[in-house]
Amino acid sequence: MDQQAIFLSFRLAGITTLILLGISIPLGYWLAYGRARWKPLVEAAVALPLVLPPTVLGFYLLVLMGPRTALGRTVSVVLGHPLAFSFAGLLTGSVIFSLPFAVQPMTSGFRSIDREILEAAQLLSAQPARILLRVLLPLVRPFLLTAAVLAFTHTVGEFGVVLMIGGGIPGVTKTLSISIYDQVQDFAYAQANHTALLLLGVSFLALLVIYGRGSRAHV
Amino acid sequence: MSKAMTLDKMDKRDGPALGATTEYLQAAVEHTLGNLSLRVAFVLSAPWTVLWGPSGAGKTSLLRVLGGLTRPERGRVLLQGRTLLETASGAWVPPAERAIGFVTQRPTLFPHMDVTANVAFGLAGLSRGSIAQRVGQMLALFHAAHLARRSPGDLSGGEMQRVALARALAPEPRMLLLDEPFTGLDADLKLSILEPLTAWLAQRNIPALYVSHDIAEAFQTAPDVIVMDRGQIQAHGPAHVVLASRREQLLRQLGEG
């Protein structure tokens, strides 16, 4: 089995998940409670990766990261190398691609909290951080777990985006799913089978964690 | 300001001694919410005032404005001389800084904290020892000391409301808003909560505004009454005066039924 690819995939998924949790807590909170008129615009943009072919997303990210755009040129000056075909580029693509899988559970989580509970907290504490840490986050904990597991597994399983913006460079951007594709191209079915089984097992276990907790949480 | 208010002020000659009228709360609020157009202006100078009126009269909406949970289109609220809200100048004090206790009809205890943690939630800034002491006192006051380690999910409706009261009063607010917190509790239970509550408030001179649509309740607690209907104040004064005609009307209706 491709050890490098395993390590790369799990590192990518781990960091992506952490970044996504950092984004999805404030974004989910705002989507649940915010009152801005342009909220549907943000909701639609966040959900876009769900319906878009990954190659479309990958294509635009590639163009955006490349030397053709001011953003791409700026980033490559700052990083010292172009974002495309690098781990940082993969990370950027993964965060965008898995965004809805983390944000949507968090939004549902915040929406599930009784408005009056939130108001009771606001009447008793003037510190928003304290309300978030002591009341809101404990109440959305099952949703936080769902968001983390979905973001992680979805990142491990992505193919189109990583291929487009990563190019499948061994050790740098060649993730597990690309490794399987290459193995099949080389008729190395036994190897492909091992890699595929690993992904299948990880995904199933992750979902088991979500549903196992879910059934307990509803008691 | 409204006619009801000026009339009310004239009725207040038998108020506190030395000629000094205690004005606990002054409020003028204009706010439209769906079908309801809230237009009220009043001064609270009695320590216990019942806000009485049919469902949909705007009682809860008014309480929410006072507590800071709703920002009205126009309004001015002063609690013991301190401006909590003034839309003209843009002044607005957030709910937790108003020092107002608020107990709603449906208990809103934090489901993931035990009773002690719930009551302690509003006590940030005190030392651990004082928090424990205050929580103990408040629970004892409402005969809920034995519930300290219980989870809100295991409490009965009456127990939940006693804990909610303990939680609202633990930070020693300057005013208490009660939005029909005893709906669905039997009369004995209600009395066993009301007695220590009114005594505790009187001791500290903390005024309460108590929402009710139950005319018997309005008479029982012998307070000042504000009668509200369709977003407006119809009358404000002692219960036996402002509710007399409604009481007769109610008795007549009962006779017909």
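**Note on helix packing and the A–B contact**

1. The crossing of α2(A) and α5(A) is left-handed; a crossing has that hand if the near helix is turned anticlockwise from the far one by less than a right angle, and is right-handed if clockwise. Helices here are DSSP runs (H or I, at least four residues), numbered from the N terminus. The model is predicted: local features need pLDDT of at least 70, side-chain atom pairs count only at pLDDT 80 or more, and totals for chains, interfaces and linings use all residues. Residues are numbered from 1 along each chain as its sequence is written, with chains lettered from A and ligands numbered from 1 in the order in which they are written.

2. The axes of α2 (residues 39–51) of chain A and α5(A) come within 7 Å and cross at roughly 110°. Axes are lines fitted to C-alpha atoms, for helices over the stretch in contact, and angles run from 0 to 180 degrees between N-to-C directions. The angle therefore makes α2(A) roughly perpendicular to α5(A) (65 to 115 degrees; under 35 is roughly parallel, over 145 roughly antiparallel, the rest oblique).

3. To this contact (C-beta atoms, placed from the backbone, within 7 Å) α2(A) brings A:Val46, A:Ala47, A:Pro49 and A:Leu50, while α5(A) brings A:Ile96, A:Phe97, A:Leu99, A:Pro100 and A:Val103. By class there are nine nonpolar, no polar and no charged residues. Ala, Val, Leu, Ile, Met, Phe, Trp, Tyr, Cys and Pro count as nonpolar, Asp, Glu, Lys and Arg as charged, and the others, Gly among them, as polar.

4. Helix α5 (residues 87–112) of chain A also packs with α8 (residues 141–157) of chain A, their axes coming within 8 Å and crossing at roughly 160°. The pair is therefore roughly antiparallel, and the crossing is right-handed. Among the contact residues are A:Ser94, A:Phe101 and A:Gly109 of α5(A), and A:Phe143, A:Leu150 and A:His154 of α8(A). This contact has nine nonpolar, seven polar and no charged residues.

5. Between the chains, the contact takes 14 residues from chain A and 15 residues from chain B. On the chain A side, the elements giving two or more residues are α6 (115–124) and α7 (128–139), and α6(A) gives the most, with seven residues. That side divides into eight nonpolar, two polar and four charged residues.

6. In chain B, helix α6 (residues 187–204) has 18 residues and reaches 26 Å from its first C-alpha to its last, close to the 26 Å expected at 1.5 Å a residue (1.5 Å times one less than the number of residues). B:Asn205 follows α6(B), and its phi is positive, near 55°.

Terms used. Contact = placed C-beta atoms within 7 Å.
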